[in-house]
Amino acid sequence: MIPSVEYRLSALGFDLPDAPAPAANYVPFVIANGLAFIAGQAPVVNGKYLSVGRVGAEVTLEAAQAASRLCALNVLAQVKAAAGGDWSRVRRCVRLCGYVSSAPDFYDQPKVLDGASDLMVQALGDAGKHARSALGVTALRGNVPVVVDAIFELAD
């Protein structure tokens with residue numbers, strides 16, 4: 001059981017947003033065999049991208065880490081929705097995968113994802129520790145610098 005996720009986030013200065021609506025023809029999460037597969041979440045607030053550009057060009061590492069944290073908040077909002085609003089159903093974060101829109105000479109994609117990974121552990125404690133991939137890509141929807149998807153284990 002994950003206690004006080006929203007309290008922990010609030011203590012860090014973050015508010016859990018409402019789960020963002022999908023940006024195209026897909027669902028925000030799918031539950032299969034006790035796992036919640038969370039679709040890629042962008043750094044979006046109220047339907048608007050808060051950060052745009054390629055990391056290492058128009059976006060600094062620090063700004064990309066902040067965008068990654070915002071993606072993680074949106075992932076957590078989707079997890080809450082997938083769990084029916086019941087955080088006690090959330091067993092753990094199994095995996096995060098981040099896609100970083102990178103300048104050709106930018107090689108610190110894992111550092112960008114540290115923003116999301118750190119927030120997961122801060123919000124969920126040990127249950128937030130996860131496996132992870134960080135990939136550099138040429139471009140992402142809306143010219144955002146990072147998108148994060150995730151897999152969570154849920155109790156029945």
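The legends below describe close-up views of a predicted model.

**View 1. The hairpin of strands E1 and E2.**
Strand E1 covers residues 29-32, and strand E2 covers residues 35-41. The two strands pair in the antiparallel sense over four bridges. In this pairing, Ile31 has Ala36 of E2 as its bridge partner. Two residues lie between the strands of the hairpin. Asn33 is located in the loop between E1 and E2. Its phi is positive, near 50 degrees, in a residue other than glycine. Asn33 counts as exposed because its relative accessibility is 82%, and the cut-off for exposed is over 50%.

**View 2. A nonpolar surface patch of Val27, Val30 and Phe37.**
Together the three residues of the patch have about 250 Å² of accessible area. Val30 belongs to strand E1 (residues 29-32). With a relative accessible area of 44%, Val30 is partly exposed.

**View 3. The largest pocket and its lining.**
The largest pocket holds about 270 Å³ of space. Its lining consists of 19 residues. Pro20, Ala21, Val44, Gly47 and Asn74 are the lining residues nearest the pocket centre. Strand E2, strand E3 (44-45) and helix H2 are the elements that each give two or more residues to this lining.

**View 4. The salt bridge between Glu6 and Lys80.**
The count of salt bridges in the model comes to five. In the pair of Glu6 and Lys80, the closest N and O atoms are 3.0 Å apart. The pair links distant parts of the chain, with Glu6 in helix H1 (residues 5-11) and Lys80 in helix H2, 74 residues apart. Side chains of opposite charge can pair when their charged atoms come close. Glu6 is partly exposed, at 34% relative accessibility. Lys80 is also partly exposed, at 27% relative accessibility.

**View 5. The salt bridge between Arg54 and Glu58.**
The side chains of Arg54 and Glu58 meet at an N to O distance of 3.4 Å. This distance counts as a salt bridge because the cut-off is within 4 Å. Arg54 has a relative accessible area of 28% and is therefore partly exposed. Glu58 has a relative accessible area of 54% and is therefore exposed.

**View 6. The salt bridge between Lys129 and Asp126.**
The closest N and O atoms of Lys129 and Asp126 are 3.2 Å apart. Lys129 is partly exposed, with a relative accessible area of 45%. Asp126 is exposed, because its relative accessible area is 58%.

**View 7. Ala66 of helix H2 and Gly115.**
Helix H2 comprises residues 61-82, and Ala66 is found in it. Ala66 and Gly115 are 49 residues apart in sequence. In space, their C-alpha atoms are 6.3 Å apart. Ala66 has a relative accessible area of 35%, which places it among partly exposed residues.

**View 8. Gln122 and Pro110.**
Gln122 has its place in helix H3 (residues 109-124). From Gln122 to Pro110 there are 12 residues in sequence and 18 Å in space, C-alpha to C-alpha. Gln122 counts as partly exposed, at 41% relative accessibility.

**View 9. Asn143 in the loop between strands E6 and E7.**
Asn143 has a positive phi of about 60 degrees, although it is not a glycine. The relative accessible area of Asn143 is 40%, so this residue is partly exposed.

Conventions: Residues numbered from 1 in each chain as written. Predicted model: local features only at pLDDT ≥ 70, side-chain atom pairs only at ≥ 80, totals over all residues. Heavy atoms only, no water. Patch = residues over 30% accessible without salt bridge, like charges linked within 9 Å, V, L, I, M, F, W, Y side chains within 5 Å. Areas by Shrake-Rupley, 256 points an atom, 1.4 Å probe, with all protein chains shown as cover. Buried < 20%, exposed > 50% of the residue type's maximum accessible area, 1.4 Å probe, protein only. Pairing = 2+ DSSP bridges. 1 Å grid on protein atoms, 1.4 Å probe; cavity = no way out; pocket = protein on both sides within 12 Å on 5 of 7 lines; lining within 4 Å. Points joined across faces, edges and corners; volume = space filled by probe spheres on them.
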